[in-house]
Amino acid sequence: MKIQQLSLFAENKPGHILGPCRLLAREGIDLRALSLADTQRFGILRMIVSDSHKAKALLEAAGHVVKVTEVLAVEVPDRPGGLVGVLEAFEGTQINIEYMYAFPYRKGETAILIFRFDDPDAAIGRLRAAGIHVLESGEVYGR
Amino acid sequence: MKTATDSIPYQPASAPDYIPTEHLAALQLARLKATVARAWDRVVLFRNRMEERGLTPDCIRTLEDIARLPFTVKADLRDTYPFGMFASPMAEVVRLHASSGTTGKPIVVAYTKEDVDVWTSVMVRSFAACGVHRGDIIQNAYGYGLFTGGLGAHYGGEGLGATVIPISGGNTDRQIMVMKDFGVTVVCSTPSYFLHMIDRAAELGVDMRELPVRAGVFGAEPWTESMRRRIESLTGIKAFDIYGLSEIIGPGVGVECSRQQGLHLFEDHFYPEIIDPETGEVLPEGAEGELVLTTLSKEAMPMIRYRTRDITAFLPGRCPCGRSLRRIRRIGRRSDDMLIIRGVNVFPSQVEAALLEVEGTLPHYQIILTRQHGLDQMEVQVEVTPEVFSDKIGALEELNQKLVRALDHVLGIRAEVTLVEPQTIQRSEGKAKRVIDRRSQ
């Protein structure tokens, strides 16, 4: 139900995410989804990968600071209002979205939304109650 | 099990600690005159410096006249390497020690038989001030060898009549086994090594609170009140600070007493002054400055107005323990570390304190000084650790802001904080290079 996301600290300078990405590529780790959050000085590379344990061990051994956090993945129809249907499930609740990112799926028929909630368990409850499909980890990693 | 420390037996060796102030001054003046005369007679460097100033040993008529004498600095000991500062022929020297200099040649220090006896006596008095007595079992984990810590504490412990285990430093598992199996009651080491021993004991399932060890005499490096609280709460022992330096004698220049409110200096053998490190002027009692020490009894290597580079201040009033010896505040920093940024004195140790306060443990950091439009800029680069890293931008920006505020609070000036990737700040095998000053570029 919850998906493991890797976050990596990177300084906001040319070439600083090449190293970790090259390392993962060499070890045959596939990036399923990724988002780069940035400030003027530093960035956080957030990734969902095919083998998060191996990726974390590899990145740490190479001296990177990596954190694993649990996020939720939701599949929605890729059409106007697809996201709104999900957001409405939280209308009137205190559940906060820390951040989110999205990518198209099934050749544009659907989209996958990745959410970082402050309270993922409460969020799962709301999504289920609203009849929204929360993806299992196998559905995301193994697609 | 801990035993009560209240009933400390009478220690005759501590008698000089209670010398009436006027007697102390008379003793100091007589010893100062003898020391200056000896150095004048036998140490070329000292005699030349006196003559440059038109001074002779007769110029010392009162204790205040000491301020007319030239300073001695560490470089003088290096320049005269190995034996140029000796005032005794080698036939009278019974011991040599040397400091491991971080750059170039070490400095060599010498002791006559009488010097070793004086050293032993101040170490006996140091242990006694910490409540150590005959019957105690002292685990001496200071390094034995050219470093003065090991043998200094060893002679002091034996002189006191305690049992000394000369285990020296290192081999932590064996340290813990000995502490446990031999019923050790007192440990001597550097505070950082003892913290390491505490961690290792916990890993081995040994709880020091359950052992008879009840006191630690820690020195040879600056440490803080928060380290003391941590040591005491984790082990149930009393942690005492001892001060000394090889150039003067080794450990035993000053020590805390049961009150743990500053370090008493053994003023009958070492004459202390506090000076302004910039101007060299003697500061009024109570002002913070650099500690300058003159040996009053040393034969083999008298030191006249030796600049310790340690920053401290005399504490006011008489210690509630009853000793008449003056106290200095615990030494937290050294003047040769001092930076002047926009006219404000800044010590790397203050930066460390701020980082430690925010992060809980000290991250790798570096201070970078630049000058922009004629104004000093201070940047502190801090490596991100797994403990503080977050996947949320807001949390990292908040960490950054907290660091800026903590630095502002401690230093009184605004520093820019840059979070950097791990392993980007260069590591050093010896002393860490904490400061990069690009202001003159």
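The largest nonpolar core in this predicted model has 88 residues. Val217(B), Val253(B) and Leu293(B) have the most contacts inside this core. If you want an element to look at, take helix α4 of chain B, residues 113-129, which gives the most to the core, with eight residues. As background, nonpolar side chains in soluble globular proteins tend to be buried together.

Next, the contact of the two chains. Chain A puts 17 residues into the contact and chain B puts in 16 residues. On the side of chain A that touches chain B, the elements giving two or more residues are β1 (2-11), β3 (42-49) and β4 (66-77) of chain A. Of these, β1(A) gives the most, with four residues. By class, this side of chain A has six nonpolar, five polar and six charged residues.

Last, a pair of helices in chain B. The axes of α6, residues 172-181, and α7, residues 191-203, come within 10 Å and cross at roughly 80°. An angle from 65 to 115 degrees counts as roughly perpendicular, so α6(B) is roughly perpendicular to α7(B). From α6(B), the contact uses Thr172(B), Asp173(B), Gln175(B) and Ile176(B). From α7(B) come His196(B), Met197(B), Arg200(B) and Ala201(B). That contact has three nonpolar, three polar and two charged residues.

Terms used:
Residues numbered from 1 in each chain as written. Chains lettered and ligands numbered in written order. Predicted model: local features only at pLDDT ≥ 70, side-chain atom pairs only at ≥ 80, totals over all residues. Contact = placed C-beta atoms within 7 Å. Nonpolar A, V, L, I, M, F, W, Y, C, P; charged D, E, K, R; others polar. Axes fitted to C-alpha atoms, helices over the stretch in contact; angles between N-to-C directions. Parallel < 35°, antiparallel > 145°, perpendicular 65-115°, else oblique. Core = buried A, V, L, I, M, F, W, Y, C linked by C-beta atoms within 7 Å. Buried ≥ 20, exposed ≤ 12 C-beta atoms within 10 Å, placed from the backbone.
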